[in-house]
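Visitor: I would like to learn how to read the features of a protein model one at a time. Please show me the model and then take me through it.

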Amino acid sequence: QKGLSIIFVGFNPSLKSAETGHHYANPNNRFWKILYESGLTPRLYLPKEDGELLKLGYGLTNIVDRPTKAASELSKAEYQYGKIQLHNKIEYYRPRIVCFVGKGVFLEYSGKKSAPWGRQDLETIPGVIDFVAPSSSGLVRMKLDEVVSIYKELKRLVGS
């Protein structure tokens with residue numbers, strides 16, 4: 001919906017998410033736990049409650065729609081097409097913040113070679129803040145408390 005506080009953008013749906021029809025449904029994915037521990041949600045949500053995030057002003061999408069076992073299975077052509085689609089979606093819905101759930105998602109979208117965690121200096125769409133957060137995948141080697149601390153920055157940003 002239009003005017004959300006945050007749209008969270010992942011790489012693409014996992015096979016489990018495609019099977020269930022809900023975002024971040026893989027039991028090894030820490031997305032829901034991270035949102036709760038960072039204070040972005042008032043309680044721990046289940047993947048099947050992903051639609052409830054709209055009531056909090058949050059939306060969910062991906063840069064590529066095709067489900068895969070791993071993001072490494074996605075082609076450059078899929079990213080190129082997805083980048084255009086995502087850009088159009090962000091321009092249309094105009095969220096306050098776009099949170100890229102994984103540095104790689106932002107790099108594919110922006111075409112940049114590197115990016116720091118957190119708020120980006122330049123906006124890819126004027127008036128919309130780009131925020132880069134670690135992936136919530138269980139494969140990420142960062143400790144959960146490190147990941148949560150970056151999402152706490154997002155919480156502070158949304159509160160300002």
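Visitor: Where is Tyr24 found?

Guide: This is a predicted model. Tyr24 is found in the loop between α1 and α2. Its phi is positive, about 50°, although Tyr24 is not a glycine.

Visitor: Is Tyr24 buried or exposed?

Guide: Tyr24 counts as buried, because its relative accessibility is 13% and the cut-off for buried is under 20%.

Visitor: Which other residue has a positive phi although it is not a glycine?

Guide: Arg94 has one, again about 50°. Arg94 is found in the loop between α3 and β3. At 38% relative accessibility, Arg94 counts as partly exposed.

Visitor: How should I read a salt bridge?

Guide: Side chains of opposite charge can pair when their charged atoms come close. The count for this model comes to 6 salt bridges. One of them joins the side chains of Lys33 and Glu37, at 3.3 Å from N to O.

Visitor: How are Lys33 and Glu37 placed in helix α2?

Guide: They are 4 residues apart in α2, which covers residues 31–37, and are therefore separated by about one helical turn. Lys33 is partly exposed at 39% relative accessibility, and Glu37 is partly exposed at 35%.

Visitor: Which residue does Glu78 meet in a salt bridge?

Guide: The side chain of Glu78 meets that of Arg66, with 2.5 Å from N to O. This pair links distant parts of the chain: Glu78 is in helix α3, whereas Arg66 is in the loop between β2 and α3, 12 residues apart. Arg66 is partly exposed, with a relative accessible area of 37%. A further salt bridge is formed by the side chains of Glu49 and Arg43, at 2.8 Å from N to O. Arg43 has 36% relative accessibility and counts as partly exposed.

Visitor: Now the pockets. How much space lies in the largest pocket?

Guide: Rolling a probe the size of a water molecule over the atoms shows where empty space is left. In this model, about 720 Å³ of space lies in the largest pocket. Its lining has 32 residues, and the closest to its centre are Phe11, Asn29, Ala71, Ser135 and Ser137.

Visitor: Which elements give two or more residues to the lining of the largest pocket?

Guide: They are α1 (15–20) and α4. The largest share, 3 residues, comes from α1. By residue type, the lining divides into 13 nonpolar, 16 polar and 3 charged.

Visitor: Which residues lie nearest the centre of the second largest pocket?

Guide: Gln1, Leu4, Leu54, Gly59 and Leu60 do, out of 13 lining residues. About 180 Å³ of space lies in this second largest pocket. Both β2 (58–62) and α3 supply at least two residues of its lining, and β2 gives the most, with 4 residues. The lining of the second largest pocket divides into 7 nonpolar, 4 polar and 2 charged residues.

Visitor: One last residue. In which strand does Gly118 lie?

Guide: Gly118 lies in strand β4, residues 118–119. At 0% relative accessibility, Gly118 counts as buried.

Visitor: Which residues is Gly118 in contact with, leaving aside its neighbours within four places in sequence?

Guide: The contacts of Gly118 beyond those neighbours are Asp130, Phe131, Val132 and Glu153. Another way to read its surroundings is to compare sequence and space. Gly118 and Leu154 are 36 residues apart in sequence, and their C-alpha atoms are 7.3 Å apart in space.

How values were computed
Residues numbered from 1 in each chain as written. Predicted model: local features only at pLDDT ≥ 70, side-chain atom pairs only at ≥ 80, totals over all residues. Heavy atoms only, no water. 1 Å grid on protein atoms, 1.4 Å probe; cavity = no way out; pocket = protein on both sides within 12 Å on 5 of 7 lines; lining within 4 Å. Points joined across faces, edges and corners; volume = space filled by probe spheres on them. Nonpolar A, V, L, I, M, F, W, Y, C, P; charged D, E, K, R; others polar. Salt bridge = Lys/Arg side-chain N within 4 Å of Asp/Glu carboxyl O. Buried < 20%, exposed > 50% of the residue type's maximum accessible area, 1.4 Å probe, protein only. Contact = heavy atoms within 4.5 Å.
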